[in-house]
Amino acid sequence: MLRKLLILGIFAGTSASIPIVYQANPHLVDGLLKSTVAPQPTAPEAQPQVNLASVPDKPAAPMPLGRQVLVNADARGHFTSQFKLNGRQIDGMIDTGATLVAINTSTARRIGISLNPSDFNHQVNTANGAIKAAVVTVSRLQIGKISVDNVQAMVLDDRALQTNLIGMSFLQRLQKYQVQDGSLLLVQ
């Protein structure tokens, strides 16, 4: 009975780790899945001898991580940096608690987004209470080598938003983002 419970526990733990492995390495999992459903050759071929204990002559090259940026925390522990919105340099703070990128009306004008008072037709809840906002699309948001096109953003009045926020509408389109050693790693 104990043996069956142990086997069941190992099976359950392995099954639970599959989504974590897929999220960390989707290309690896996709490759494994493709190799299991690949058509088998019709004629039997001689299988090469494989010595599992052998060491290759040179190590395999690491997989490229793509474009990455490291943002250091400021004195308050916030991840602030310079970004480019529609090619214009702006300062902003990365905020994983913000659903969308949030910019103020001054920044919107500076990056070429013109709004009418009637565009502010969405009510959003902020730390300072409910306020009207306009939902827009930023053509390109860049930080360092990372660039994402057509990012949804909200525009708030200058009095309601003093610091531009880089929220999840940008971050969720990256391969990964994680805090490590007091810095935020962004990988595209």
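This is a predicted model: local features need pLDDT of at least 70, side-chain atom pairs count only at pLDDT 80 or more; totals for chains, interfaces and linings use all residues.
View 1. Residues are numbered from 1 along each chain as its sequence is written, and side-chain values use heavy atoms, with hydrogens and water left out. The side chains of R140 and D149 form a salt bridge with an N to O distance of 2.8 Å (a side-chain nitrogen of Lys or Arg within 4 Å of a carboxyl oxygen of Asp or Glu). D149 is partly exposed, at 33%.

**View 2. S147 lies in strand β7.** The strand covers residues 146–156 (strands are DSSP runs of E, at least two residues, numbered from the N terminus). S147 is partly exposed, because its relative accessibility is 22%. Beyond neighbours within four places in sequence, S147 is in contact with R140, L141, Q142 and Q188 (heavy atoms within 4.5 Å). The C-alpha atoms of S147 and L174 are 9.4 Å apart, with a sequence separation of 27 residues.

**View 3. D74 and R76 form a salt bridge.** Their closest N and O atoms are 3.3 Å apart. R76 is exposed at 60% relative accessibility, and D74 is partly exposed at 24%.

**View 4. D157 and R159 are joined by a salt bridge.** The N to O distance is 2.8 Å. D157 is partly exposed at 27%, while R159 is exposed at 73%. The structure holds three salt bridges.

Methods: Helices (H or I, at least four residues) and strands (E, at least two) are DSSP runs, numbered from the N terminus. Buried means under 20% relative accessible area, exposed over 50%, partly exposed in between (1.4 Å probe, protein chains only).
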